[in-house]
Amino acid sequence: MDLDLRQAVNSLWESGAEAIAINGHRLSVRSAIRSAGSAITVDYRSLSAPYRVEAIGDADAMIARFPRTRGGAWWASLRKNYDMRYELSPAGELRLPADPGLGVRHAGPTK
């Protein structure tokens, strides 16, 4: 299941997402999505099913582009062969928390 979520997330980035969260946990380019026994972890934090992936960006563009990505094909195959389901739908307003792992580590004046 971690691979399925990685496929979805990578394809949302490819489809134009500006920000993504899984079950309310904000992702960054450094986020790790992995299996840990029967659980899925995001940045070493266990998440429970069902998994809700939320993305901020041009909703119409993402909905149109996602099925044409590698992850879109992946999820179409999961739907066809394993009856797994996903839904792409626009939201009127969506707020995602900041990534708790991102922060300034080193700063200094520019030369």
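**Helix α1.** I looked up which residues of α1 are buried in this predicted model, and I noted Asp 2, Asp 4, Leu 5, Gln 7, Ala 8, Val 9, Ser 11 and Leu 12; buried means under 20% relative accessible area, exposed over 50%, and partly exposed in between, with a 1.4 Å probe and protein chains only.

I then checked the length of α1: its 13 residues should span 18 Å, at 1.5 Å a residue, where the expected span is 1.5 Å times one less than the number of residues, and the end C-alpha atoms are 18 Å apart, which agrees.

**Conventions.** Residues are numbered from 1 along each chain as its sequence is written, and side-chain values use heavy atoms, with hydrogens and water left out. Because the model is predicted, local features need pLDDT of at least 70 and side-chain atom pairs count only at pLDDT 80 or more, while totals for chains, interfaces and linings use all residues.

**The nonpolar core.** Of its 17 residues, Ile 20, Ile 22, Leu 27 and Ile 33 touch the most other members. The elements giving two or more residues to this core are α1, β1 (19–22), β4 (39–42) and α3 (70–82), and α1 supplies the largest share, four residues.

For Ile 22 I listed the contacts (heavy atoms within 4.5 Å); leaving aside neighbours within four places in sequence, they include Val 9, Leu 27, Ile 33 and Val 42.

**Backbone exceptions.** Most residues other than glycine have a negative phi, and most peptide bonds are trans, so I searched for departures from this. Ala 49 and Pro 50 are joined by a cis peptide bond, with omega about 0°, and Pro 50 lies in the loop between β5 (45–47) and β6.

Tyr 44, in the loop between β4 and β5, has a positive phi near 65°, and Tyr 44 is exposed, with a relative accessible area of 70%. Asp 83, in the segment after α3, has a positive phi near 55° and counts as exposed at 52% relative accessibility.

Notes
A nonpolar core is a set of buried Ala, Val, Leu, Ile, Met, Phe, Trp, Tyr and Cys residues joined through side-chain atoms within 4.5 Å.
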